[in-house]
Amino acid sequence: TKTVSKCYVQVTGMTCASCVANIERNLRREDGIHSILVALMAGKAEVRYNPAVIHPSAIAELIRELGFGATVMENCGEGDGILELVVRGMTCASCVHKIESTLMKTNGVLYCSVALATNKAHIKYDPEIIGPRDVIQVVKDLGFTTSLVKKGRSASHLDHKQEIRQWKRSFVVSLVFCIPVMGLMIYMMVMDSQLSDAHAHHNMSSEEMEALHSSMVLEYQLLPGLSVMNFLSFLLCVPVQMFGGWHFYIQAYKAVKHKTANMDVLIVLATTIAFVYSLVVLLVAMAEKAKVNPVTFFDTPPMLFVFISLGRWLEHVAKGKTSEALARLISLQATEATIVTLGPDNVLLSEEQVDVELVQRGDIVKVIPGGKFPVDGRVIEGHSMVDESLITGEAMPVTKKPGNTVIAGSINQNGSLLISATHVGADTTLSQIVKLVEEAQTSKAPIQQFADKLSGYFVPCIVAVSVVTLFAWIIIGFVDFEIVEKYFLGYNKSISAAEVIIRFAFQASITVLCIACPCSLGLA
């Protein structure tokens, strides 16, 4: 007997089925190679060879000579089949032992573990030697009933509907409250500029100026120290902080719990501090019955939340689109296959309907006109036209005759075909496409990972900078009060110098936080 080894080669640069045929045809001619199977989507070739005659590196070299990139894959465990079964009728540990020991003795079974509590069996096998149907038969012969664990064919884990709803709601809530806040802000700006113009033209005294200021509707004080503007802003800000920012708070809490800082932490930090600071300043002003209305930051949280929740909403909508396409792809898979047994001269002896997961490599599958191909394979007998538009986008049916390859999920049109299964289960082209799209969905774009990594350093930096600002201004204030007096608007002698300094320092440090938080990095 000749010893046969198996190796996997990663092949790059294949573009279509003819590349696959080219590699397979040329390598079959070589000495020492028994068989070769190339999967286009996975970019993988499985080669069975005689180690006495040829080495894997030489095989890769042969593929390279054909103009493709090829590297030998080290971990050959890739080719193991994995089977999950539900086993009924086990009563005790000895049943478990009986099943395990019998399966382990079976040629081709590499690993087997049976759990009595869940009635499940987990089996690893070599698809070259044995297939899922053989394994199931062995268990049945022992007197247990068994069936495959039904895998949900739906792409429910790729469904972004819930996230889309949640961010849309978040965005709408923030937007509803943000528009009036922005309106108030713009109105204040316009009025302020008009005032300063009036001031420039008429050299008014500061008393007259203040009188004019307080005559503005929004600056009208409902209670001493509480202007209409601030009160309205506060009312509009609370719901946004509660409902619009809810998801950010959850995410930020989780991040902080794991001692990391992401964009959510920054956003929450800035909005919360802006909100709390503004609230405290208002309460202090009311307690002091201040004449001049304090500067508050109630406009920051709603506007921040609007931009960011809009961004998140759009991101999930885009992801949802891809998932929809994926779900449609998954639904194209056939669920059952008709397996036939052939006698000499390809005479049909018997046929049976089985679940598509139970089709083994090398099985002969019959596909009737109008049926879907359950697995990738090679035509053995029959002529037909096949619609492969799901993979190639080509609307014209393709002629298939013995020796041609067929793709799982494509539709047989007018003739009956017998095909030999070459790629089954997770190796079919369709499964590979689904896997690729799933990986693309779960992995982040490199720039996104970079941004996340940056924001890990960015958050502590900004916090540090704002703390430095706070202390710097406090020190400056106590050393040279005139500077603060110059910049602190509406300074009147009724508040102590220390308080002015501290208030101004806080204002400066919070401004740093609020401005840095929604930095373009996070928004983008």
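These notes walk through a predicted model, from the whole chain down to single residues.

1. **The whole protein.** The protein has 524 residues, and 42% of them count as buried. Its secondary structure comes to 16 helices and 19 strands. Look next at contacts between residues at least 6 apart in sequence. Of these, 68% join residues at least 24 apart.

2. **Helix α1.** This helix covers residues 17–28. Its 12 residues should span 16 Å at 1.5 Å a residue, and the end C-alpha atoms are 17 Å apart, which agrees. Which residues of α1 are buried? They are Cys19, Val20, Ile23, Glu24, Asn26 and Leu27.

3. **Helix α3, its length.** Helix α3 runs over residues 93–105, which makes 13 residues. From first C-alpha to last, α3 reaches 18 Å. That is close to the 18 Å expected at 1.5 Å a residue.

4. Cys95, Val96, Ile99 and Leu103 are buried in α3. Seen down the axis, the buried residues of α3 fall within an arc of 100 degrees, so they line one face of the helix. An α-helix has 3.6 residues a turn, so residues three or four places apart point the same way. On the other side of α3, Ala93, His97 and Lys105 are exposed. What do the buried residues of α3 pack against? Their partners are β5 (81–88), β6 (109–115), β7 (120–125) and α4 (132–141).

5. **Asn119.** Asn119 sits in the loop between β6 and β7. Its phi is positive, about 60 degrees, although Asn119 is not a glycine. For background, most residues other than glycine have a negative phi.

6. **Ser147.** Strand β8 (residues 145–148) holds Ser147. Is Ser147 buried, exposed or partly exposed? Its relative accessibility is 39%, so Ser147 counts as partly exposed. Ser147 and Ile136 are 11 residues apart along the chain, and their C-alpha atoms are separated by 7.5 Å. Set aside neighbours within four places in sequence, and Ser147 is in contact with Leu85 and Val86.

7. **Helices α7 and α8.** Helix α7 spans residues 228–244, and α8 spans residues 246–257. They pack at an angle of about 50 degrees, with their axes 5 Å apart. The two helices are therefore oblique to each other. From α7, the contact uses Gln241, Met242, Phe243 and Gly244. From α8, it uses Trp246, Phe248 and Tyr249. By type, the residues of this contact divide into 5 nonpolar, 2 polar and no charged.

8. **Ile364.** Ile364 lies in strand β13, residues 364–367. Why does Ile364 count as buried? Its relative accessible area is 18%, and buried means under 20%. Ile364 and Ser420 are 56 residues apart in sequence, yet 4.6 Å apart in space, C-alpha to C-alpha. Leave out residues up to four places away in sequence, and Ile364 touches Thr338, Ile339, Val340, Leu342, Ile380, Leu418, Ile419 and Ser420.

Technical notes: Residues numbered from 1 in each chain as written. Predicted model: local features only at pLDDT ≥ 70, side-chain atom pairs only at ≥ 80, totals over all residues. Heavy atoms only, no water. Axes fitted to C-alpha atoms, helices over the stretch in contact; angles between N-to-C directions. Helix = DSSP H or I, 4+ residues; strand = E, 2+ residues; numbered from the N terminus. Parallel < 35°, antiparallel > 145°, perpendicular 65-115°, else oblique. Contact = heavy atoms within 4.5 Å. Nonpolar A, V, L, I, M, F, W, Y, C, P; charged D, E, K, R; others polar. Expected span 1.5 Å × (residues − 1). Buried < 20%, exposed > 50% of the residue type's maximum accessible area, 1.4 Å probe, protein only. Arc of directions from axis to C-beta.
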